[in-house]
Amino acid sequence: METARLEEVAPKLAQRIGSRNAPVLAALVNERELAAGEVLIADRAPVSSLFLVVSGELRVDMGGATQTLEIGSLGTGKWVGEISLFDDDSTSTARVTAAAPSRVLELPHASFWAARAEHPDLVNVLTKELVDLMSERLRSTRALLSDGADEGIGASATSRADRGANRNWIRSVLQKLTGAEG
Amino acid sequence: MQLKHFLKSHSLFRNLSVSDCDALAHAFEIREYAAGDGIVREGKPGKELYLLIEGEVRVTQYNLVTGELEERKALRPGELFGLLSLIDHLPTAAGCVATTPVKVGVLGRTGYNLLAQSAAPIALSFQFAVAKQLAADLRHQDESLRRMLV
């Protein structure tokens, strides 16, 4: 895409990466439109791109053995797929669906890693941003898990009421884990 | 094997220049542990990162979702540990014990900061290691929570 278009649809990102890196990133990303209800990432499916939401809203849910849990939503400015970019296991950790007509920037993993040698500054800035994001998610998730353990929810839930609280607790932890908002 | 050659063959540091690799090799202190020695204790302040050179290290972690102490993985030569707490100044999230006689390269926070500031490729290599570790930890928690959806 053109640099001007990147600056138009993702102004904050363009500012964070700087004027030298913006043209580089613009050349690496694609802009994708999603219709309402369109699945961007299927649950437990291989993921080969990193995404940034530039308009609209994405819904995040997760399936267990017999249940599906709606976790929350991701709006403008949210990254999607950062775990799969860095983890050896590149499968998705949740299903991501467009809740409304939406637009995302797509950065293929192959393009990100190929840019490491030629454009280390851009890769460094993006990696640092994603590291800060994942670090904060891990930290806030651990705090919530620790609180849950103290209050006897989580693994120790046995009664029906406890299991109801458990489901809400699982949702709130997963919101922290995914960055989705309820 | 010389530490310099060991680093050069490491996937994280393969792209470093000869001089950056030399600087990194000189910054590491070599330390040995006997089988059964604790190297990192979970929940304690992290001041060093470790590069496993010889032997095997077992990583354990208290799973806050299940309430159980889990054996997370067995580390092999070439793997880093202790990195996350060095970066974010938080208590260590896992314990690490030598299961065989072990030789590690140890890098303290001061040495790490000096290296990261002086050589961008070294900083980027460590950033990738941190990102990989964070992604793996987030996935592990995700899987633990998913198993509770019954």
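This is a predicted model: local features need pLDDT of at least 70, side-chain atom pairs count only at pLDDT 80 or more; totals for chains, interfaces and linings use all residues.

A: A:Ser102 itself sits in strand 8 of chain A, which covers residues 102-108. Is that serine buried or exposed? Its relative accessibility is 4%, and the cut-off for buried is under 20%, so A:Ser102 counts as buried. As for what surrounds A:Ser102, leaving out residues up to four places away in sequence, it touches A:Arg32, A:Glu33 and A:Leu34, and also A:Ser55, A:Gly56, A:Glu57 and A:Leu58.

Now for the chain around that serine. Chain A has 7 helices and 8 strands, and of its 182 residues 47% count as buried. If you take the contacts in chain A between residues at least 6 apart in sequence, 75% of them join residues at least 24 apart.

A:Arg44 lies in the loop that runs between strand 2 (39-41) and strand 3 (49-55) of chain A. Its phi is near 60 degrees, a positive value in a residue other than glycine. For background, most residues other than glycine have a negative phi. With a relative accessible area of 44%, A:Arg44 falls between the 20% and 50% cut-offs, so A:Arg44 is partly exposed.

Searching the whole structure turns up 2 cavities of 30 Å³ or more, and the largest cavity holds about 220 Å³ of space. There are 19 residues lining the largest cavity, and the closest to its centre are A:Val80, A:Gly81, A:Glu82, A:Thr93 and A:Thr178. Three elements of chain A each supply at least two residues of that lining: strand 6 (79-80), helix 4 (82-86) and helix 7 (160-178). Helix 4 of chain A gives the most, with 3 residues.

One last stop, over in chain B. Helix 5 there takes in residues 120-147, and at 1.5 Å a residue its 28 residues should span 40 Å; the end C-alpha atoms are 41 Å apart, so the two figures agree. Helix 5 of chain B is also mostly covered, with 20 of its 28 residues buried.

Technical notes:
Residues are numbered from 1 along each chain as its sequence is written. Chains are lettered from A and ligands numbered from 1 in the order in which they are written. Side-chain values use heavy atoms; hydrogens and water are left out. Helices (H or I, at least four residues) and strands (E, at least two) are DSSP runs, numbered from the N terminus. Buried means under 20% relative accessible area, exposed over 50%, partly exposed in between (1.4 Å probe, protein chains only). Contact means heavy atoms within 4.5 Å. The expected span of a helix is 1.5 Å times one less than its number of residues. On a 1 Å grid over the protein atoms alone, a cavity is a set of points where a 1.4 Å probe fits but cannot get out, and a pocket is an open set with protein on both sides within 12 Å along at least five of seven lines; lining residues have an atom within 4 Å of a point. Grid points are joined across faces, edges and corners, and a volume is the space filled by probe spheres set on the points.
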